[in-house]
Amino acid sequence: GLLMKLFLDRGLKVNKTVIKYILSRIERTYDNANDLVAYIDKKALEANRAITIPLVKIEIENFFLRKE
């Protein structure tokens, strides 16, 4: 779907379980998905970590906290 495409457009391969995890926790709009993918990409790069559920769990919370 859209999330997978957004990650692939950035050259990132993300496991389907991570995609499902994200989808169950976000508002499904293009802008929100695009912003979240960019944020997760940036944070994974800064931490030199793969995009996994543990990383996403932390960063998805931070993403929504900074949007409030």
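In what order do the elements of the chain run from the N terminus on? They run α-α-α-α, and the secondary structure comes to four helices and zero strands. The radius of gyration is 11 Å, close to the 11 Å that the globule rule gives for 68 residues, so the chain is as compact as a globular protein of that length. Please keep in mind, as we walk through it, that this is a predicted model.

Let's look at the overall dimensions next. Taken along the principal axes, the box filled by the C-alpha atoms is roughly 30 × 25 × 20 Å. Contacts tell us how the chain comes together: among those between residues at least 6 apart in sequence, 63% join residues at least 24 apart.

Of the 68 residues, 35% count as buried. The chain exposes about 4600 Å², and carbon and sulfur atoms supply 52% of that area.

Glu59 is buried, yet it has no salt bridge. Which side chain of opposite charge is nearest to Glu59? That is Lys43, 5.2 Å away; a salt bridge would need a side-chain nitrogen of Lys or Arg within 4 Å of a carboxyl oxygen. Even so, Lys43 is in touch with Glu59, as is Tyr39, when residues up to four places away in sequence are not counted.

Definitions and conventions. Residues numbered from 1 in each chain as written. Predicted model: local features only at pLDDT ≥ 70, side-chain atom pairs only at ≥ 80, totals over all residues. Heavy atoms only, no water. Buried < 20%, exposed > 50% of the residue type's maximum accessible area, 1.4 Å probe, protein only. Lys, Arg positive; Asp, Glu negative; His and termini not counted. Contact = heavy atoms within 4.5 Å. Helix = DSSP H or I, 4+ residues; strand = E, 2+ residues; numbered from the N terminus. Rg over C-alpha atoms; globule rule 2.2 N^0.38 Å. Areas by Shrake-Rupley, 256 points an atom, 1.4 Å probe, with all protein chains shown as cover.
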